[in-house]
Structure formats: C-alpha cells, structure tokens
Amino acid sequence: MAIASTGFAVLRSPRNIGRDALFEVLQTSAVTLQLRQRSSGGAYPAITIPQLERVLVPLLDESEATALLAQLDAARAERDAGLAAAEASLAGLDGFILGELGLALAPPDGPTGPFAIR
C-alpha cells in the first residue's frame with residue numbers, strides 16, 4: 001500500500017488478483033463495514049494507514065474471481081433488462097396523462113420548463 005495523497009490510498013494485492021475482482025470485493029458489505037468502523041472525522045471522514053492495514057479483505061483465486069465476475073455480469077444484465085422493461089412501460093405515461101387532462105406539450109420552439117403547456 002502506498003499513499004498517493006491525503007484523499008486516497010493506492011492498494012496493491014499481495015496475491016495476483018485481477019483488478020476487476022478486487023474492485024468488486026472492496027465494495028462488499030464485509031469490507032465497507034470495516035472501513036466505516038475504522039474511519040474517523042465528521043465533515044471529511046478518513047481512515048489512517050494503520051487502520052486500513054487492519055481491514056480484512058477476502059482474496060479470491062483466479063477461478064473464484066472468474067466465477068464471481070460472471071455471476072455479477074449475469075445479475076447486472078438481468079437488472080438492466082428489468083430496468084429497460086420498466087422504462088418501456090413508463091414511456092407512454094406522459095402522453096396518456098396529458099391526453100386524459102386534455103393537454104399537450106409546448107412545441108420545442110415555445111416556452112420550456114416543467115409547466116410549459118399549451
């Protein structure tokens with residue numbers, strides 16, 4: 001570990017773990033909880049190097065890291081598909097509501113803003 005500035009530290013894995021897997025592991029609740037418990041300061045929370053060195057970080061071997069990243073990619077793809085479906089369902093909502101109220105959006109060259117109707 002080496003200090004780059006007072007705002008962040010550069011972490012190096014003692015084993016050959018890929019940066020993507022390390023990035024994901026560092027975001028787990030097991031690691032972030034330890035970081036929060038060891039940080040101090042109200043307006044600018046920080047963690048000292050001695051406290052940072054006490055954080056237990058699970059290190060994965062290459063096969064575990066590959067499996068973790070594959071599971072995360074699949075979960076994110078499923079989430080993104082669900083969000084796209086929700087966005088598609090909501091896409092016509094504005095037009096429906098305006099139609100029910102007998103309103104229309106202002107033309108693009110007219111007034112703008114959240115209440116610009118004609």
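How many salt bridges does a search of the whole structure find? The search finds 3 salt bridges, a salt bridge being a side-chain nitrogen of Lys or Arg within 4 Å of a carboxyl oxygen of Asp or Glu.

## Basis of the model

The model is predicted, and local features need pLDDT of at least 70, side-chain atom pairs count only at pLDDT 80 or more, and totals for chains, interfaces and linings use all residues. Residues are numbered from 1 along each chain as its sequence is written, and side-chain values use heavy atoms, with hydrogens and water left out.

## Salt bridges

Glutamate 24 pairs with arginine 76, with 3.0 Å between the closest N and O atoms. Glutamate 24 belongs to helix α1 and arginine 76 to helix α4 (residues 62-91), so this pair ties together parts that lie 52 residues apart in sequence. Helices are DSSP runs (H or I, at least four residues), numbered from the N terminus. Glutamate 24 is buried, at 13% relative accessible area, whereas arginine 76 is partly exposed, at 31%. Here buried means under 20% relative accessible area, exposed over 50%, and partly exposed in between (1.4 Å probe, protein chains only).

Arginine 79 and aspartate 80 form a further salt bridge, their closest N and O atoms being 3.1 Å apart. Both residues are partly exposed: aspartate 80 has a relative accessible area of 40%, and arginine 79 has 46%. Arginine 19 and aspartate 20 also meet through their side chains, at 4.0 Å from N to O. In this pair, arginine 19 is exposed, at 73% relative accessibility, while aspartate 20 is partly exposed, at 47%.

## Nonpolar core

Ile17, Ala21, Leu22, Val25, Leu60 and Ala65 make up the largest nonpolar core, which has 6 residues. Such a core is a set of buried Ala, Val, Leu, Ile, Met, Phe, Trp, Tyr and Cys residues joined through side-chain atoms within 4.5 Å. Helix α1 (residues 19-26) contributes the most to this core, with 3 residues.

Leucine 22 contacts Ser13, Ile17 and Val57, leaving aside residues up to four places away in sequence; contact means heavy atoms within 4.5 Å.

## Nonpolar surface patch

A nonpolar patch on the surface consists of Leu90, Leu93, Phe96, Ile97, Leu101 and Leu103, which together have about 570 Å² of accessible area. Patch residues have over 30% relative accessible area and no salt bridge, and nonpolar side chains (Val, Leu, Ile, Met, Phe, Trp, Tyr) are joined within 5 Å.

Helix α5 (residues 93-101) supplies the largest share of the patch, 4 residues. Isoleucine 97 lies in helix α5 and is partly exposed, at 40% relative accessible area.

Notes
Patches are made of residues with over 30% relative accessible area and no salt bridge: like charges are joined within 9 Å, nonpolar side chains (Val, Leu, Ile, Met, Phe, Trp, Tyr) within 5 Å. Accessible areas come from the Shrake-Rupley method with a 1.4 Å probe; for residues, only the protein chains shown count as cover. Helices (H or I, at least four residues) and strands (E, at least two) are DSSP runs, numbered from the N terminus.
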